[in-house]
Structure formats: C-alpha cells, structure tokens
Amino acid sequence: MSSDPKRIRIGIVGAGGIVKSRHLPALQAMPEVEIVAVSNATLESSQRFCAELAPTAEPMQHWPELVSRGDIDVVWIGTPPMLHSEITCYALRAGKHVFCQARMAMSLQEAQLMWEASMSNPELVAALCPPPYGMKGDATMRRLLAEGAIGKPYHAVLHSMNGGWLDPAAPAHWRQRVEISGLQVLSFGIYVEVIQRWLGDIVAVQANGSVVIPDRQGYEVEIPDYLHVLCGFRNGAQGSLIFSGVASHPPQDAIQIYGSEGTLTYNFVTDEIRLGRVGGALEAVPIPDTEAKEWTVECDFINAVLNPSAPRPKPDFLEGIKYMRVVQAAAESMDAGDLVRVA
C-alpha cells in the first residue's frame, strides 16, 4: 500500500470504453491519484493503453500480478462481468480497495461471493459503478414519491429499447455472449437498480424473452434480444418492464408511474420529470440544484478511500445483491415459464 496517506495508487484491470471515456479522465484530474499499472485483455492492448493515455503506468499481462503488487491501493475493475467476482474477491483478500464496473457479476452466486469478501474486509472501500440513468433526478423522484405526490403507486411501465442488434449479419456483441455476461440481459439489471430505489424491492417476477436472431456468424446466441418482465413490488405496486435490442425507431427510455392520485414520469435521456394530478395535465417538475446529482463517481470513491469517515460510495455490494436477486429470478422464470419469487 502507498506510504503516503494522501496519495492513492491505482491499478486498472480491464481498460475498455467506459474506463477511457469516463473513469480515467476523472481519476487523472485528481492530483492525489496515480495510475500505477494497467492489465487489459492482452499485454499488447495494455501497452497501447498506457502509451496513449497513461504513459507513467506499467502495462501488465496478468491481472493477478497487478493485484498482488504492494504499491497499489485500489483495484479499478473495468472488465466485463465474467471476471468481476474473481478479481474482486482476490483484490479484497489482498487488502485492496475495489471499484467494480457494472453489472455486478455473472450470477447471484458470484455476487454473493463478492459481498461476503467485502463483509470480511469492512475497512476496505468496495463499490459498484452506479448507472447514469436517472442519476440527475434521483433525489427528486425519491422525494416526490415519499411525499405522496401521486398517492399510492399502483403500476409502473418502463421501456428501454434500441436497434443495436437488428443487423443479422453483425457478430455477437459481448453483451450477447453468455460466457461473458452471464445472466445479464440488455439494460434490465441497470434499470432494476434504479427503480428499486424509487419504488422499493421487487419481490416477484414473471419474465418472457426471445432470441430474435439466434445465429451470429456461427455463434449461437442464448441471451434474449427482447425481454418483457412483469414484476411485483413489496409495496403492492406492479411493474411492466420492456427491453429490446431489436427495435427500430424506439421511444426514448422512460418510466411512467401511475398512482391513486396521479402520474409521475421520468425520461432517462433528457432527465425530464413530469407530474400530473388526477384530472389535471402532466407538467414539468424542475430538479432543484440542491437535489441534482452529477457524475462524481470517481471523486466519491477516492474521497472514501482517503477519509474513512466520509460517506461510502453507492451502490455498495449489498445494493448489487438486491438487483442481482431480481436478475437471477428473471432467468429462473424464463426457464420455468412461471412466476418466481425473488429470494
């Protein structure tokens, strides 16, 4: 670990798009942070990343060697889900703080191993990358619902659709490869995390999915191109969640929450909130500056590492377990063709 308590030395495992576009620039903007080493899919890609973006970092071929280094305080995991659990558990047991890219893991079982490792090392900061969807208006949505702006929530309808997988000649995206993504399907897990903050825990799901284009250049796709989930919340509300990667001309990602006294909507693209009382029109609700949350993910994490009394960044691994339980239940529901209770 770093001998300087005000210096945080980071090793990056998995340096893909979000690391390049979001995490790395934010980390490099903090003077107390140093990128020490990078281990990507291959040594050559690690070398390219360091040469282009982190010239003082050492490219490394094998991530266990990076994690085991004594001069690293934080392991920043940017790999796909297939390696999240193994790297996280290894790093926490090696005494490293861990920031892990979403989605949490391939399965609930892997997520539980991560949570258990974090509980066994409570002095270490362990966090997942939060979803950007709904981040800006999250506090406002939670406040409006808590204040009873629409009375008792009855029903929520969420849709997240795009045409990214429409081309039948395109190779399988890594998110379509079960050996890489596990039980994760499209943006299902991301939005489960968001709506459980707003409406509470999902306790039952009935899921139906289909693989519209099963063959991708000889690869047999198992992860659905389309997913429809009916869900029940602990508070009695019901949800209808639709996800697609094969929808041309899709609507913008949004949720509509219908209650006994009105309707509350959120556009995840524009961050526009609209509220309507029964008998009245939907009207825009401004997000107060005091409630608006911007992307400060990296700063929040580093501050928690530097200052043990600072708030721990969210989502933590317990919150991750909560959405992974729903992801697991949806997979079991598709297999069984029936309603599944969330464990």
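Okay, so, the cysteines. The sulfur of Cys129 has its closest cysteine sulfur in Cys100, 9.2 Å away, and that's too far for a bond. The cut-off for a disulfide here is 2.5 Å between the sulfurs. Keep in mind that this is a predicted model. And if you search the whole structure, you get 0 disulfides. Cys100, then, is in no disulfide either, with the sulfur of Cys129 as its nearest cysteine sulfur.

Are these two buried or exposed? Cys100 has 0% relative accessibility, so it counts as buried. Cys129 comes out at 2%, so that one counts as buried too.

Right, on to a glycine. Where does Gly245 sit? You'll find Gly245 in the loop that links strand E12, residues 238-244, to strand E13, residues 254-259. Its relative accessible area is 0%, so Gly245 is buried. And what does Gly245 touch, if we leave out residues up to four places away in sequence? There's a run from Asn162 through Gly163, Gly164 and Trp165 to Leu166, and then there are Leu186 and Asp225. If you want a distance for Gly245, take Ser85: the two are 160 residues apart in sequence, and their C-alphas are 26 Å apart in space.

Next, a pair of helices, H8 and H10. H8 covers residues 188-199 and H10 covers residues 317-336. Their axes come within 9 Å and cross at roughly 125°. Angles from 65 to 115 degrees would be roughly perpendicular and those over 145 roughly antiparallel, so H8 and H10 end up oblique to each other. As for handedness, H8 passes H10 in a right-handed crossing.

Who's actually meeting whom there? On the H8 side we have Phe188, Gly189, Val192, Glu193, Gln196 and Arg197. Facing them from H10 are Glu319, Lys322, Tyr323, Val326, Val327 and Ala330. Sorted by class, this contact between H8 and H10 has 6 nonpolar residues, 4 charged and 2 polar.

Last one, a glutamate. Glu44 is in helix H2, which spans residues 43-53. With 46% relative accessibility, Glu44 counts as partly exposed. How far is Glu44 from Met60? In sequence they're 16 residues apart, and C-alpha to C-alpha it's 9.1 Å in space.

So, to go back to where I started: Cys100 and Cys129 are each buried, and there are 0 disulfides in the whole structure.

Note on methods: Residues are numbered from 1 along each chain as its sequence is written. This is a predicted model: local features need pLDDT of at least 70, side-chain atom pairs count only at pLDDT 80 or more; totals for chains, interfaces and linings use all residues. Side-chain values use heavy atoms; hydrogens and water are left out. Axes are lines fitted to C-alpha atoms, for helices over the stretch in contact, and angles run from 0 to 180 degrees between N-to-C directions. Helices (H or I, at least four residues) and strands (E, at least two) are DSSP runs, numbered from the N terminus. Angles under 35 degrees count as roughly parallel, over 145 as roughly antiparallel, 65 to 115 as roughly perpendicular and the rest as oblique. A crossing is left-handed if the near helix is turned anticlockwise from the far one by less than a right angle, and right-handed if clockwise. Contact means heavy atoms within 4.5 Å. Ala, Val, Leu, Ile, Met, Phe, Trp, Tyr, Cys and Pro count as nonpolar, Asp, Glu, Lys and Arg as charged, and the others, Gly among them, as polar. Buried means under 20% relative accessible area, exposed over 50%, partly exposed in between (1.4 Å probe, protein chains only).
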